[in-house]
Amino acid sequence: MSKLNIGIILGSTRQGRLSPQVGEWVKRIADERGDANYEIVDIADYKLPLLGEADATKQATAWNNKLNSLDGFVFIVQEYNHSISGALKNALDFAREPWNNKAAGIVSYGSVGGARAAEHLRGILGELSVADVRVHPALSLFTDFENGSVFKPADLHLVNLNGMLDQVLAWSGALKTLR
């Protein structure tokens, strides 16, 4: 069986965002495992307008094609006002079937580890027929980011990150049989 393709979705588009640092950490650890093809998928690269406000055929086609090429996801989610970013919600809404019958893990960060954003994302993923896994690395802005801007994760997060990746791969492999 060929290796699964797992997209590491950066869930923010704003200037100064921290998600690229977290995404690179996840990718580095994931690549060391050698058990799947991991790639960072930055929603900012797709320049999706607000859903329904402009003709976005080109952007939506590119976005959907990327999602169709993936077997599972790891979402890098930062907490904005107790929820996910508007940009991530918009990107989720720009696709339907490409999400279906795939698995996802969540790596979140915020003042309380991004837990509230992760819980909101779980509800949205359920509606999109994405099976989210239980293990969830939750990173603190106070202890895992130096001066609130340089990502320096505590080693203890490696256990949860690897556990989450194990679950994403198991579920993604199982769900691939449904597609």
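This is a predicted model: local features need pLDDT of at least 70, side-chain atom pairs count only at pLDDT 80 or more; totals for chains, interfaces and linings use all residues.

**Entry 1: a term, and a proline**

Is Pro-98 buried or exposed? Its relative accessibility is 4%, and since buried means under 20%, Pro-98 counts as buried. Leaving aside residues up to four places away in sequence, I found that Pro-98 touches Asn-64, Leu-67, Asn-68 and Phe-73. I also noted a pair of C-alpha atoms, those of Pro-98 and Asp-71, which are 27 residues apart along the chain and separated by 9.5 Å.

**Entry 2: the chain as a whole**

Stepping back, I counted 5 helices and 8 strands in the protein chain, and read along the sequence they follow the pattern β-α-β-α-β-α-β-α-β-β-β-β-α.

For the overall form, I compared the radius of gyration of the protein chain, 15 Å, with the value near 16 Å that a compact globule of 179 residues would have, and the two agree. Taken along the principal axes, the C-alpha atoms fill a box of roughly 40 × 40 × 25 Å. Buried residues make up 51% of the 179 residues. Among contacts between residues at least 6 apart in sequence, I find that 79% join residues at least 24 apart.

**Entry 3: the nonpolar cores**

I keep one general point in mind here, that in soluble globular proteins nonpolar side chains tend to be buried together.

Which residues touch the most other members of the largest nonpolar core? In this core of 29 residues they are Trp-63, Phe-75, Leu-88, Leu-92, Trp-99 and Leu-121. The elements that give two or more residues to this core are α2, β3 (72–78), α3, β4 and α4 (115–127), and the largest share, 5 residues, comes from α4.

**Entry 4: helix α3**

Turning to α3, I noted Leu-88, Asn-90, Ala-91 and Leu-92 as buried. The buried residues of this helix pack against β1 (5–10), α2, β3 and α4.

I next looked up Val-22, whose place is in helix α1 (residues 19–33), and Ser-172, whose place is in helix α5 (residues 157–176).

Val-22 is buried, with a relative accessible area of 0%. Beyond residues up to four places away in sequence, Val-22 touches Ile-76, Val-107, Tyr-109, Leu-139, Phe-145 and Phe-151. I also checked Val-22 against Tyr-38: the two are 16 residues apart in sequence, and their C-alpha atoms are 14 Å apart in space.

Ser-172 likewise has a relative accessible area of 0% and is therefore buried. With residues up to four places away in sequence again set aside, Ser-172 touches Leu-4, Ile-6, Asp-71, Gly-72, Ala-103 and Arg-179.

**Entry 5: two positive phi angles**

Lys-47 has a positive phi of about 45° although it is not a glycine, and I place Lys-47 in the loop between β2 (37–42) and α2 (57–68). Asn-147, which is not a glycine either, has a positive phi of about 55°, and its place is in the loop between β7 (145–146) and β8 (150–151).

Are these residues buried or exposed? Exposed means over 50%, so Lys-47, at 64% relative accessibility, counts as exposed, and Asn-147, at 74%, counts as exposed as well.

Technical notes: Residues are numbered from 1 along each chain as its sequence is written. Side-chain values use heavy atoms; hydrogens and water are left out. Helices (H or I, at least four residues) and strands (E, at least two) are DSSP runs, numbered from the N terminus. Buried means under 20% relative accessible area, exposed over 50%, partly exposed in between (1.4 Å probe, protein chains only). Contact means heavy atoms within 4.5 Å. The radius of gyration is taken over C-alpha atoms; the globule rule is 2.2 Å times the number of residues to the power 0.38. A nonpolar core is a set of buried Ala, Val, Leu, Ile, Met, Phe, Trp, Tyr and Cys residues joined through side-chain atoms within 4.5 Å.
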